[in-house]
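Hi,

Here is the structure I promised to pass on. Have a look at it first, and then read my notes below.

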Amino acid sequence: MKRNEYYTFNEYMKNNSLTPSEEDYLEMIYRLSLNQEDIKVNDLSKSLNIKPPSVTKMIKKLDQKKVLMYKKYDSIHLTEIGTMIGRRLLDRHNIVQEFLKVIGVNECIHEETEKIEHTISIETLIKIDELINFLNKNEEILKEFREYQKKE
């Protein structure tokens with residue numbers, strides 16, 4: 001993770017904030033773009049379990065915010081800034097989810113990740129990422145923590 005990209009993202013968001021719902025759409029579009037070039041409204045609709053007319057309405061909002069390009073009945077394409085934000089949103093999601101796994105959250109992990117990722121500060125996210133990296137490099141400490149959890 002590159003910290004300066006978070007600050008670039010943060011600066012962008014000051015002028016063009018996204019709602020949690022818009023973030024979810026952008027993150028999913030980015031996820032889909034990793035495996036397919038042409039993303040259609042129906043692809044996004046299926047991935048998010050949302051009806052196509054609602055997806056179209058949101059896509060138009062995101063198009064106005066210049067994070068993606070969309071023309072009716074055409075593919076959805078992220079702009080350069082949309083791609084950067086989508087990557088950061090996916091990174092944020094993965095960091096939060098990995099942290100929850102590390103501390104032993106098993107039930108409703110996706111739901112918990114969704115709740116946390118939209119409210120976490122950049123500083124906290126960076127510190128959590130540092131902790132995860134530290135624990136991954138120091139497996140004996142993580143093992144000790146797991147043993148501690150079993151005793152409690």
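Which helix is Ser45 found in? Ser45 sits in helix H3; helices here are DSSP runs of H or I with at least four residues, strands are runs of E with at least two, and both are numbered from the N terminus.

Some housekeeping before the rest. This is a predicted model, where local features need pLDDT of at least 70, side-chain atom pairs count only at pLDDT 80 or more, and totals for chains, interfaces and linings use all residues. Residues are numbered from 1 along each chain as its sequence is written, and side-chain values use heavy atoms, with hydrogens and water left out.

Back to Ser45: its relative accessibility is 8%, so it counts as buried (under 20% relative accessible area; exposed is over 50% and partly exposed is in between, with a 1.4 Å probe and protein chains only). Not counting residues up to four places away in sequence, Ser45 touches Ile50, Lys51, Pro52 and Val55; contact means heavy atoms within 4.5 Å.

From H3, the contact uses Val41, Asn42, Leu44 and Ser45, and from H4 it uses Pro52, Val55, Thr56 and Ile59.

Now the inside. The largest nonpolar core has 22 residues, and Leu26, Leu44 and Ile59 are among those with the most contacts inside it. Such a core is a set of buried Ala, Val, Leu, Ile, Met, Phe, Trp, Tyr and Cys residues joined through side-chain atoms within 4.5 Å. Contributors of at least two residues each include helix H2 (20-33), strand S1 (68-70) and helix H5 (80-102), and H2 gives the most, with six. Leaving aside neighbours within four places in sequence, Leu26 is in contact with Leu18, Val67, Leu78, Gly82, Ile85, Gly86 and Leu89. There is also a second, separate core of eight residues, including Ile95 and Ile120.

Last one: Val102 lies in H5 and is buried, at 6% relative accessible area. Leaving aside neighbours within four places, Val102 is in contact with Leu135, Leu142, Phe145 and Arg146. Val102 and Phe145 are 43 residues apart along the chain, with their C-alpha atoms separated by 9.4 Å.

Cheers
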